[in-house]
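Welcome! Please take a moment with the sequence and the 3D view below, and then we will walk through chain B together.

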Amino acid sequence: MSGILNSSIGRKFAMALSALFLMVFILQHFAINILSVFSPEAFNEASHFMGTFWAVQYLLQPVLILGVIFHFVMGFVLEIKNNNARKVSYAKNNGSANSTWMSRNMIWSGGFILVFIVIHMIDFWVHEMNVKYVAGDMTGLIDPTDPNSGFRYYEELVVKFEPIWRVALYCVGFVFLSLHLLHGFGSAFQSIGANNKYTKALKGVSKVYSIGIPAGFIFIALFHHFTGTH
Amino acid sequence: MNLTLKIWRQKGANDKGKMVDYQISDVSPDMSFLEMLDVLNTQLIEKGDEPVAFDHDCREGICGSCSLYINGEAHGPDRLVTTCQLHMRKFKDGDTIYIEPWRAKAFPVIKDLIVDRSSFDRIQHAGGFISVNTSGNTQDANSIPIEKANADAAFDAATCIGCGACVASCKNSSAMLFVSAKVSQFALLPQGQVEATDRVMNMVNQMDAEGFGNCTNTGACEVECPKGISLENIARMNREYLKASFKG
């Protein structure tokens, strides 16, 4: 096992594992967010659980942050290494004749997703950390002194999606996520060596996931923008 | 057919090189691409100019020598053919055709359109063989039963002619389709099992040492491969490599 990350296949494998982990996270994130459309109470309960349960906060959250950082850093490292493997470019290169735009531009879709994640973290995660760990309010209540004030999560979500510029920004972010996943989903399985009789079926699942989940996130943003009561 | 050719000219490995325009007339649609270049070279020689250097040997799609990047694609716009099997009927009268050498750090240009592909040889030397004594005591081929599906897949992998179109087409200059074909043709057969661990480790290590890029699964190599080598071979090589890594 020594030095596996120094080999091209080892790096591919590590990149794929982090991608699969992040795809599971996105699915879980979507499952909780979609609750906000159907049941604000269920969304509040789920958000409070995720925001206060020790295993999520102190185990899964750091692993997720490390996974995101690893995926991006490794992505940029691989891009630099791959660019170095061809010192002179072709005068004419017809890439679209043999590969998809998504597969050739993962660094660009990934770069835009990184920008989106930073904005998203500032919007929600930094606020959460301030409330819980700086102000020390772990109640999750709108008014921490009033137990009957109800959870704050749904209210905060709706307020965030009031400005149309933020909704538009999030929609663009999810379009890039979709483009990234349209290649990345199948690519991750190929990298871990899973190219077999199930690959055709997996391509179908890949399309459903890669278009369905980002489209679902866009729907949630638009839903709260147009139905928000604030 | 009258054509404008934009050809990469480079006097030697240390020359900077540049694209040079040539006009060529009376090209028959039935000519192969290499025959068209032969005609151009004849014209250049008659004018006292240096002919264009390009690789070729068997001219029947088997040796893997011809290696031109034509109009932005390895071996040109046709599928499952080498450049010697590409015919001028694939082009139209008045077309401008770009002709360039394979581009990869691991395939340095020797002259004009000829590149040094000895990096592939060194990868093969690192493990693309089985250590069987064949001098006089060769077993009958049918004495070891092999499942038909595996025999077919091994044969398909073995049809790789090592032309380097996979590297040329890959945006990362990755050699994984070539190496995976060479790993797969033995990994699928019982004769290849004895050295399976060392083979994949040594060949992948040599591939990395030669400066090829990392595969990002764009699939361009599979599309441009004149022998239709499948991406399944890369997945198999990944599995073999991981298995070998855990064995240590």
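How many helices and strands does chain B have? There are eight helices and seven strands in chain B. Please keep in mind as you read that this is a predicted model.

Let us begin with the overall picture. The C-alpha trace of chain B spans about 60 × 35 × 35 Å along its principal axes. Of the 248 residues in chain B, 46% are buried. Among the contacts in chain B with a separation of 6 or more, 70% are between residues 24 or more positions apart.

Next comes the sheet. In which order do the five strands of the open sheet in chain B lie? The order is β2-β1-β5-β3-β4, and the pairing is mixed. At the edges of this sheet are β2 (18-24) and β4 (73-74) of chain B, each of which pairs on one side only. Strands of a sheet pair through backbone hydrogen bonds, and they can do so parallel or antiparallel. In chain B, β3 (residues 68-70) and β4 run antiparallel, and two bridges join them. Here you can find Ile70(B) standing opposite Glu73(B), which belongs to β4(B).

Most residues other than glycine have a negative phi. His75(B) has a positive phi although it is not a glycine, and Asp112(B) also has a positive phi without being a glycine. The table sets out where to look for them.

| Residue | Phi | Loop in chain B | Other C-beta atoms within 10 Å |
|---|---|---|---|
| His75(B) | about 65 degrees | between β4 and β5 | 27 |
| Asp112(B) | about 45 degrees | between β6 (109-111) and β7 (114-115) | 24 |

Is His75(B) buried or exposed? With 27 other C-beta atoms within 10 Å, His75(B) counts as buried, because the cut-off is 20 or more. Asp112(B) has 24 such atoms within 10 Å, so Asp112(B) is buried as well.

Finally, turn to the place where the two chains touch. How many residues does each chain bring to the contact? Chain B brings 41 residues and chain A brings 36 residues. On the side of chain B that touches chain A, the elements giving two or more residues are β5 (96-101), α6 (196-209), α7 (220-224) and α8 (232-247) of chain B. The most comes from α8(B), with eight residues. Sorted by class, this side of chain B has 15 nonpolar, 16 polar and ten charged residues.

Definitions and conventions:
Residues numbered from 1 in each chain as written. Chains lettered and ligands numbered in written order. Predicted model: local features only at pLDDT ≥ 70, side-chain atom pairs only at ≥ 80, totals over all residues. Pairing = 2+ DSSP bridges. Helix = DSSP H or I, 4+ residues; strand = E, 2+ residues; numbered from the N terminus. Contact = placed C-beta atoms within 7 Å. Nonpolar A, V, L, I, M, F, W, Y, C, P; charged D, E, K, R; others polar. Buried ≥ 20, exposed ≤ 12 C-beta atoms within 10 Å, placed from the backbone.
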